[in-house]
Amino acid sequence: LNSKHSLIAYGNLSATIKKSGLLLNMLVLSVIMICGLIITYQYDKNTQYLLVLTYYIVIFLMSTSILYKLINDISLRHKLYSSLYKLGYLKNALKKIIRKEIDNIFRFTQAGSEVSAMLGRFIAGNIITLEFGLTLILSYVIPIILTALIAYIVYVKTILGKIGGPR
């Protein structure tokens, strides 16, 4: 918290986690549960394919839900960013705060999950292959990163687009 940008972004993170805690927990628990089922049915290829498809669908739906939640929060955040702009913050400083806020939300999403650690243990124990484990990890990480990028772009365009002036 050595900069004023971080302080504002962490304050927004706290508010977002309070509002979205259930959604974030559902994401983590569903991914862990489906990974466990995939590994349990690793020798039944038909069931495993169905579970992998379910895994991809759950990640997509949860990422979309998180994005939808963040976009709904834009109207609430607009007042905050308008006030900061009136207090003298430049648009570049507001972009830094937005970037930090979105980055924190999605770091929390990835750090809060034990997916990588769990799959790493399964790979180390030769329960699943390295390729399959990396596929599951990347299929979790990549949609979350893409969702964060989309959220950042929408946030910046929506919030900073409504704020007047060239600053």
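## Exercises on a predicted model

Leu 51 touches Ile 34, Leu 37, Ile 38 and Tyr 41, leaving aside residues up to four places away in sequence. The model is predicted.

**Exercise 1. Describe the packing of α2 and α5: how do their axes cross, and which hand does the crossing have?**

Solution. 
- Find the partner. Helix α5 covers residues 130-162.
- Take the geometry. The two axes come within 9 Å and cross at roughly 20 degrees.
- Classify the angle. Angles under 35 degrees count as roughly parallel. So α2 and α5 are roughly parallel to each other.
- The crossing of α2 and α5 is right-handed.
- Sort the contact of α2 with α5 by class. It has 20 nonpolar, seven polar and three charged residues.

**Exercise 2. Repeat the analysis for α4 and α5: at what angle do their axes cross, and which residues make the contact?**

Solution. 
- Locate α4. This helix covers residues 115-124.
- Take the geometry. The axes of α4 and α5 come within 9 Å and cross at roughly 175 degrees.
- Classify the angle. Angles over 145 degrees count as roughly antiparallel. Hence α4 is roughly antiparallel to α5.
- List the α4 side. Ser 116, Leu 119 and Ile 123 take part.
- List the α5 side. Here the residues are Leu 130, Gly 133, Leu 134, Leu 136 and Ile 137.
- Sort by class. The contact of α4 with α5 has six nonpolar, two polar and no charged residues.

**Exercise 3. Search the whole structure for aromatic pairs: how many are found, and why is the pair of Tyr 55 and Tyr 56 classed as it is?**

Solution. 
- Count. The search finds one aromatic pair.
- Take the geometry. The ring centres of Tyr 55 and Tyr 56 are 5.9 Å apart, and the ring planes stand at 55 degrees.
- Classify the pair. Planes under 30 degrees apart count as stacked, over 60 as edge-to-face and the rest as tilted. The pair is therefore tilted.
- Tyr 55 is buried, at 0% relative accessibility. Tyr 56 is partly exposed, at 34% relative accessible area.

Terms used. Residues are numbered from 1 along each chain as its sequence is written. This is a predicted model: local features need pLDDT of at least 70, side-chain atom pairs count only at pLDDT 80 or more; totals for chains, interfaces and linings use all residues. Side-chain values use heavy atoms; hydrogens and water are left out. Contact means heavy atoms within 4.5 Å. Axes are lines fitted to C-alpha atoms, for helices over the stretch in contact, and angles run from 0 to 180 degrees between N-to-C directions. Helices (H or I, at least four residues) and strands (E, at least two) are DSSP runs, numbered from the N terminus. Angles under 35 degrees count as roughly parallel, over 145 as roughly antiparallel, 65 to 115 as roughly perpendicular and the rest as oblique. A crossing is left-handed if the near helix is turned anticlockwise from the far one by less than a right angle, and right-handed if clockwise. Ala, Val, Leu, Ile, Met, Phe, Trp, Tyr, Cys and Pro count as nonpolar, Asp, Glu, Lys and Arg as charged, and the others, Gly among them, as polar. Rings of Phe, Tyr and Trp (its six-membered ring) pair if their centres lie within 6.5 Å; planes under 30 degrees apart count as stacked, over 60 as edge-to-face and the rest as tilted. Buried means under 20% relative accessible area, exposed over 50%, partly exposed in between (1.4 Å probe, protein chains only).
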